[in-house]
Amino acid sequence: MSDAIEEMEAIKATAKESMTGQPEGELSPSTSPRHISTTKKPVPSSGSSPTPKATGSPKQDEKAIDAAVQAAVAKVTAAVLKSATHGAPLAVSLVVQMTKGSIPKGMTVDAFVQRVMEGVTAHKDIRLDYTKKGHPVFTAHGVPTAIPPSPSLPVPAPPLVAKAPRTTDALLAKTIATFTADALKFLETDAYYDVVHIFRQTSESLPPGVSQQAFVKSVIQGMQSDGRLLLVVDDQPLRFVLRQPKQSPPSSPLSTPTVETNSTVAVATPPPTLLDTVAAARTDTALKCLRTTSAYHISDVANFVQQMKPGDRGGVPAPLFLEQLLERMVQNPRLQRSVDGQGRHVFVLKMPSNVQKPLKGSTAAAAKPPPPITPKQFPAAVKAVADKRIAHAVEYLKKHPMYPVGEIDNVVRQIKPQDRKGDSAAVFLTKVIKCMAQDKRLLFVANGPKGKPGFTQAKPPATTVTKAASSVNKPTPPTPSVSALPPKANVSMPSPLHASAPPTGLSTWLTDPAKDKLTLVATVDALHWVLRTDPAFQGEPNSVVALDCEGVPTALLLLQMATDTATYVVDSMAIGPAVVVSLLRRHLEAPTLTKLFYDLHQDVAALVAQCPDLALVGTWDMQLAMEHRTGELHMSFQDMLKRHAGRLHPSKDEFKHRMTEHYVASNESLFSVRPLDHDVLEYAAYDALLLLDRYDAIEDIIDDNEWAHIQVASDARARSAVALNGQRKLAFDKANRFAFASFELLAAARPHDMYVGPPLVVHGDLDPILSLLPPEWSEVLSAPEVASTLSDIVLDKGRRPWAWSRGVRLLLGDEDREVT
């Protein structure tokens with residue numbers, strides 16, 4: 001990894017040299033404290049060992065020394081020139097290794113290396129330079145290279161000279177195409193694509209005779225030819241970002257300022273490459289600042305511009321450069337300009353366009369479209385989607401009474417954010433519905449036969465509409481069951497359409513003393529009825545349901561669901577776990593329904609175990625929210641409840657002790673015992689009920705951007721939980737002294753603070769280790785049932801040897817045998 005970092009520093013130095021016209025590492029004897037004199041020989045310190053006496057005459061010794069030095073100089077000079085043909089410098093530290101064994105008697109290593117360096121630097125094409133970290137290197141100038149030097153960034157140059165072998169050209173072109181596609185895909189969700197990815201993946205696929213540094217340099221140059229990628233060169237590691245739509249690739253390495261004239265004034269425009277580089281660096285600074293603060297002051301950008309030298313601005317006046325710099329920065333999709341409470345101009349974070357926070361107490365934004373507008377006002381992307389949906393709706397309405405908005409919503413959410421032209425899914429959906437409403441064959445209905453919005457034929461029978469409307473508007477509103485306090489007598493909330501009376505297998509009771517209403521669902525008909533009547537499962541995009549499971553991850557014994565209407569405990573053993581998940585699948589895969597969990601790893605693994613092709617989306621893990629706000633990695637459910645005002649779980653600690661005792665006594669889960677006691681059901685139900693209660697509390701203090709980061713991280717955690725069979729995925733947080741943090745949260749909220757190391761390769765070759773042990777020990781440890789789980793072999797001096805396998809200590813040898 002250190003080699004890759006060194007090579008990246010060398011590439012960055014080359015990039016900066018080409019942009020500024022001055023070599024990054026060029027130092028003069030008068031200014032560099034690391035300059036090595038070429039005129040004085042080193043004087044040994046008083047503590048060093050004396051120089052050995054020569055065995056022959058002084059003249060013979062001097063001739064032998066000169067011959068050895070000349071041979072070493074010729075060897076190192078050839079190595080420097082050969083390395084230069086591949087575009088790479090040669091580290092001075094290699095001189096000792098290259099001349100090892102050829103140092104003549106009567107001469108110290110330091111003196112010999114000093115004279116070799118003097119002889120090498122005497123060559124007309126070789127000079128001594130330093131890397132950015134101060135390491136001395138030999139560089140050669142004027143030597144033809146196998147791969148051409150990098151031109152001024154970010155203008156790409158032909159990656160290889162015309163005389164290069166065709167196999168090298170083909171490999172380079174394939175590598176450029178591969179990493180360009182990888183970078184573009186990576187930048188769909190992340191702000192930067194680090195060049196270190198290229199170093200890691202090209203170490204074993206280099207063309208013959210080409211160094212990795214030179215090859216990677218050519219790959220980077222080739223990737224720059226794609227107009228969508230922009231290479232950022234600053235104090236941070238080299239990285240690619242997406243070029244903004246208004247930023248076209250520069251036509252020359254250093255464009256001279258152009259002049260745009262009108263009738264009154266002539267305005268200079270700074271060089272595109274300079275403005276792009278400064279804008280990328282300041283945008284990076286703004287995004288880093290906004291990780292911990294709510295606003296990034298534009299005055300900081302103005303101060304930075306004022307401190308720039310006129311040459312650094314390309315001769316453009318500071319006010320004009322600042323104006324154009326702010327225009328470039330605001331093109332970043334994550335930044336927008338605003339004004340704070342004191343009237344100061346600032347940058348703030350935008351809400352990600354593909355994630356939208358649910359609005360409490362509201363219905364879908366598309367349920368009530370505003371007055372019609374002319375089709376000419378709709379963008380082409382909206383018109384194209386609307387035309388297809390209109391044709392589909394007309395055919396659909398020939399066999400069905402209503403075309404639901406949910407069909408349109410499913411299509412819209414599959415469209416990539418860039419194809420929506422920056423609109424969120426909800427805004428784009430609203431535009432599509434407005435455009436569809438212009439068609440004379442369709443009539444938009446906010447409350448259809450099932451209480452959901454949709455389209456009907458333009459002239460539906462009047463009696464049908466009246467009957468549907470009357471059936472929707474006259475239900476008896478029930479009392480809410482999810483509340484932090486006992487329900488009030490006169491408080492009510494809207495109820496869903498009850499198509500039929502509650503079926504058998506549905507029982508409801510009130511807890512004592514809190515008087516919370518809980519419902520046990522024990523049959524398929526009862527679960528059907530709940531999913532058909534509870535408003536949370538009717539397709540509204542702002543609905544939330546809290547979920548929790550018992551018996552996980554090995555089994556799915558109970559499933560608890562809490563909505564704004566009721567709290568349910570689904571008896572999965574009675575209905576069948578696979579049947580429960582299949583009935584819930586449509587809702588688990590609906591992005592419009594937010595599924596609330598607390599540490600979803602094992603719950604999701606248990607759900608997917610019953611339906612292997614389940615694609616769970618729209619999740620929101622409260623544990624990730626607490627980690628994001630407090631930095632605490634392993635916060636328990638009860639500690640989370642204590643963080644926010646409200647009731648605690650009435651039997652959490654007591655019931656854990658009871659579950660442990662039952663398992664020890666019977667070797668089965670307490671939740672598998674039938675019939676289920678009410679205290680068991682209440683313990684399970686309160687996990688979901690209180691989770692929803694705290695979500696309502698934290699939703700009021702969390703901002704839209706933070707909510708979106710947690711939602712994206714939760715969906716990533718759900719996918720990871722399936723891949724890792726319920727295990728947790730962690731990462732190192734560079735901003736917090738490399739402490740452990742949730743991998744998905746860092747990747748979504750602070751990707752550049754995540755430490756990404758080389759892939760871990762585990763070698764399981766046990767035979768060489770066992771061959772070092774006595775045969776009687778090796779025979780025991782090589783048994784398949786032991787070797788498959790062998791983790792430690794302990795040989796402590798003065799103690800009996802032992803090994804650790806299957807969670808048990810395995811003693812080796814006789815009782816009286818000790819390690820000596």
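# Contacts and burial in a predicted model

The structure holds zero disulfides. The model is a predicted one.

User: What makes Cys 549 count as buried?

Analyst: Its relative accessibility is 4%. Buried means under 20%. Therefore Cys 549 counts as buried.

User: And why is Cys 611 called buried?

Analyst: Cys 611 has 9% relative accessibility. The cut-off is under 20%, so Cys 611 is buried as well.

User: How many aromatic pairs are there in the whole structure?

Analyst: A search of the whole structure finds twelve.

User: Why is the pair of Phe 444 and Phe 455 called edge-to-face?

Analyst: The ring centres are 5.4 Å apart and the planes stand at 70 degrees. Rings pair if their centres lie within 6.5 Å, and planes over 60 degrees apart count as edge-to-face. So the pair is edge-to-face. The pair links distant parts of the chain: Phe 444 belongs to strand S13 (residues 442-445) and Phe 455 to strand S14 (residues 454-457), eleven residues apart. Both Phe 444 and Phe 455 are buried.

User: What makes the pair of Phe 655 and Phe 671 tilted?

Analyst: The planes of Phe 655 and Phe 671 are at 35 degrees, with the centres 6.4 Å apart. Under 30 degrees would count as stacked and over 60 as edge-to-face; the rest are tilted. The pair is therefore tilted. This pair also links distant parts of the chain, 16 residues apart. Phe 655 is in helix H21 (residues 652-666), while Phe 671 is in the loop between H21 and helix H22 (678-699). Phe 655 is buried, and Phe 671 is buried too.

User: Which residues do ring pairs link into a cluster?

Analyst: Phe 732, Phe 738, Phe 740 and Tyr 755. These residues, together with Leu 730, form a nonpolar patch on the surface. The patch has about 480 Å² of accessible area together.

User: Why does Leu 730 count as partly exposed?

Analyst: Leu 730 has 34% relative accessibility. Buried is under 20% and exposed is over 50%, with partly exposed in between. So Leu 730 counts as partly exposed. It lies in strand S22 (residues 730-733).

User: How do you know that the charged end of Arg 282 sits over the ring of Phe 304?

Analyst: The charged end of Arg 282 is 4.3 Å from the centre of the Phe 304 ring, and sits over that ring. The distance limit is within 6 Å, and the charge must also be within 35 degrees of the ring normal. Arg 809 sits likewise over the ring of Trp 802, its charged end 4.2 Å from the centre.

User: How many salt bridges does the search find?

Analyst: The search of the whole structure finds 23 salt bridges.

User: What makes Asp 571 and Arg 674 a salt bridge?

Analyst: Their closest N and O atoms are 2.7 Å apart. The cut-off is within 4 Å.

User: Buried or exposed in part: why do Asp 571 and Arg 674 count as they do?

Analyst: Asp 571 has 7% relative accessibility, so Asp 571 counts as buried. Arg 674 has a relative accessible area of 30%, so Arg 674 is partly exposed. The range for that class runs between the 20% and 50% cut-offs.

User: How do you know that Arg 658 and Asp 677 meet in a salt bridge?

Analyst: The N to O distance between the side chains of Arg 658 and Asp 677 is 4.0 Å, and they meet in a salt bridge. The criterion is within 4 Å. Arg 658 lies in helix H21 and Asp 677 in the loop between H21 and H22, 19 residues apart. Arg 658 is partly exposed at 30%. Asp 677 is partly exposed at 41%. Elsewhere, salt bridges that share partners join Arg 585, Glu 589 and Asp 613 into one network.

User: What makes Arg 585 and Glu 589 a salt bridge?

Analyst: Their side chains meet at 3.0 Å, N to O. The cut-off is within 4 Å. Arg 585 counts as partly exposed at 26% relative accessibility, and Glu 589 counts as partly exposed at 27%.

Conventions:
Residues are numbered from 1 along each chain as its sequence is written. This is a predicted model: local features need pLDDT of at least 70, side-chain atom pairs count only at pLDDT 80 or more; totals for chains, interfaces and linings use all residues. Side-chain values use heavy atoms; hydrogens and water are left out. Patches are made of residues with over 30% relative accessible area and no salt bridge: like charges are joined within 9 Å, nonpolar side chains (Val, Leu, Ile, Met, Phe, Trp, Tyr) within 5 Å. Accessible areas come from the Shrake-Rupley method with a 1.4 Å probe; for residues, only the protein chains shown count as cover. Helices (H or I, at least four residues) and strands (E, at least two) are DSSP runs, numbered from the N terminus. Buried means under 20% relative accessible area, exposed over 50%, partly exposed in between (1.4 Å probe, protein chains only). A disulfide is a pair of cysteine sulfur atoms within 2.5 Å. Rings of Phe, Tyr and Trp (its six-membered ring) pair if their centres lie within 6.5 Å; planes under 30 degrees apart count as stacked, over 60 as edge-to-face and the rest as tilted.
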